[in-house]
Amino acid sequence: MMGMLCDDVVMIREAEREGDGATRVITVNCPDKTGLGCDLCRLILFFGLTIVRFDVSTDGKWCYIVFWVIGKPTTRWGLLKKRLIGVCPSCSSASGISFYRSELQSPKPPDVFLLKLCCYDRRGLLHDVTVVLCELELTIKRVKVSTTPDGRVMDLFFITDTRELLHTNIRQEDTRDCLKSALGDVMISCAIQIVGPEISACSQGHSFLPPAIAENHFDDEHRSGSRTSNNVSVTLDNSLSPAHTLVQIVCLDHKGLLYDIMRTLKDYNIQISYGRGTTKQKRKCEVDLFIMQSDGKKIVDPIKQSALCSRIQMELLRPLRVALVSRGPDTELVVANPVELSGKGRPLVFYDITLALKMLNTGIFSAEIGRHMIGDREWEVYRILLDEIDGSPELKSQIEGAVWKMLMGWE
């Protein structure tokens, strides 16, 4: 295995069994590290794929992971393979497992660029811009959108480039051309410039957060409400393995479900030795994971067991928070999602929000993305000030529900 070619680390082929419902099978065969599953699932989610089944096994040094996924006609499989290879440890690291917290000496953060876009306003404009940026692999770190009285929109996107080429004239020209092609005559001007690290210090969000977003815990009323997933069962069992704790999860499937599980375990610095999961009829998902702590031991402390179960259950019951609130005469949509300890937020949240509002023909007057500390965790908070709406409870519920369903991948 030490002599494996880079292309053999990730393999993508057409699915053979029709019963799985999958269109492709992704196989990852590389050195292991704590959090690798999270990093892979985040990329799969970013490319808009749905995981219907997975299987993972590792001996603590080398891992073998298989994802059965549903793709789209537009899925760029070659690019996905390249990005998956990019997050896999190199073969030279197979001499010892790399735990997440030891990776804090990571490469320097990517350069941040300011994309300043001036346009004539129209319905769905913000989503159309977001689509172009996603296709170009430009990650939105922060956004500030405002509408002027004369019907013009000034969009300020703080972005990073997955390809690390945005400092070049060719990449900037390509970005401007793609935006012009998508927006047409509504685009007035477009400028791109690199910004200093002090910009990240200004990314803290607005101080006020509505209770539905800021609360640390949620009661039975919230559990049964439309803005949470259905019941989630999480159980731990130490009797089936001499070296591992078995985590069994049963819940309703949602977009990014496996990512939510994996990022939780990554933040707890927990290693998965073996696991499998599948989505059954009526979108019921069953996951079994044999795990151990960073010290190589199973989880026997009742307090740690309870904390892990509670955290997984919370992340799956309510992976995002959505609220529509009145701010005087205005109506504001607020969406929040937890940030990984590595500093990465959930992918495509802004994409899904703007798509849902475009489908509802609801205009956006202004938008902001910021980071907040809620309790002991950092959250990415999206604040969307909507164009004038009648403010009726029925319309508010429709908008909130549509955004929630889009984020969860529910029809």
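Which backbone nitrogen does the side chain of Thr-75 reach? In this predicted model, residues are numbered from 1 along each chain as its sequence is written, and local features need pLDDT of at least 70, side-chain atom pairs pLDDT 80 or more, while totals for chains, interfaces and linings use all residues. Side-chain values use heavy atoms, with hydrogens and water left out.

The side chain of Thr-75 reaches the backbone nitrogen of Lys-72, at 2.8 Å. This is a polar contact, that is, a pair of N or O atoms within 3.5 Å; within protein, one must be able to donate a hydrogen and the other to accept it, and residues adjacent in sequence count only if both atoms are side-chain atoms. Thr-75 sits in the loop between β4 (62–70) and α3 (77–87). Thr-75 is buried, at a relative accessible area of 12%. Here buried means under 20% relative accessible area, exposed over 50%, and partly exposed in between (1.4 Å probe, protein chains only).

The protein holds 11 helices and 16 strands. These are DSSP runs numbered from the N terminus, helices being H or I of at least four residues and strands E of at least two. Of the 411 residues, 51% are buried. Among contacts between residues at least 6 apart in sequence, 72% join residues at least 24 apart. A contact means heavy atoms within 4.5 Å.

Nonpolar side chains tend to be buried together in soluble globular proteins. The largest nonpolar core has 50 residues. Such a core is a set of buried Ala, Val, Leu, Ile, Met, Phe, Trp, Tyr and Cys residues joined through side-chain atoms within 4.5 Å. Ile-26, Phe-54, Phe-67, Ile-249 and Leu-289 have the most contacts inside the largest core. Helix α2 supplies the largest share of this core, 7 residues. Another core, of 47 residues, lies apart from it and includes Leu-179, Ile-384, Leu-386 and Trp-410.

Ile-249 touches residues including Val-232, Val-234, Ile-261, Cys-285, Val-287, Ile-312 and Leu-316, leaving aside residues up to four places away in sequence. Leu-324 belongs to strand β13 (residues 321–327). Leu-324 is buried, with a relative accessible area of 11%. Its C-alpha atom is separated by 9.9 Å from that of Leu-386, 62 residues apart along the chain. With residues up to four places away in sequence not counted, Leu-324 touches Thr-331, Glu-332, Leu-333, Leu-386, Lys-396, Ile-399 and Glu-400.

Of its 45 lining residues, Phe-47, Gly-48, Leu-49, Thr-50 and Lys-72 are the closest to its centre. Elements giving two or more residues to this lining include α4 (125–135), β12 (284–292), α10 (349–359) and α11 (393–408). Strand β3 gives the most, with 5 residues. The lining divides into 24 nonpolar, 11 polar and 10 charged residues. Ala, Val, Leu, Ile, Met, Phe, Trp, Tyr, Cys and Pro count as nonpolar, Asp, Glu, Lys and Arg as charged, and the others, Gly among them, as polar.

On a 1 Å grid over the protein atoms alone, a cavity is a set of points where a 1.4 Å probe fits but cannot get out; a pocket is an open set with protein on both sides within 12 Å along at least five of seven lines, and lining residues have an atom within 4 Å of a point. Points are joined across faces, edges and corners, and a volume is the space filled by probe spheres set on them. There are 4 cavities of 30 Å³ or more by this rule. The largest cavity has a volume of about 190 Å³. Its lining comprises 19 residues, with Lys-33, Leu-36, Gly-37, Met-262 and Ile-272 nearest its centre. Two or more residues come from each of α2, β3, β4, α8 and β11. By class, 11 lining residues are nonpolar, 5 polar and 3 charged.

Helix α8 is largely enclosed by the rest of the structure, because 11 of its 11 residues are buried. Among them are Asp-260, Met-262, Arg-263 and Lys-266. Just after α8, Asn-269 takes a positive phi of about 60°.

Most residues other than glycine have a negative phi. Glu-137, not a glycine, has a positive phi of about 60°. Glu-137 lies in the loop between α4 and β6 (138–147). Glu-137 counts as buried, at 1% relative accessibility. Asn-361, also not a glycine, has a positive phi of about 60°. Asn-361 is in the loop between α10 and β15 (364–374). At 51% relative accessibility, Asn-361 counts as exposed.
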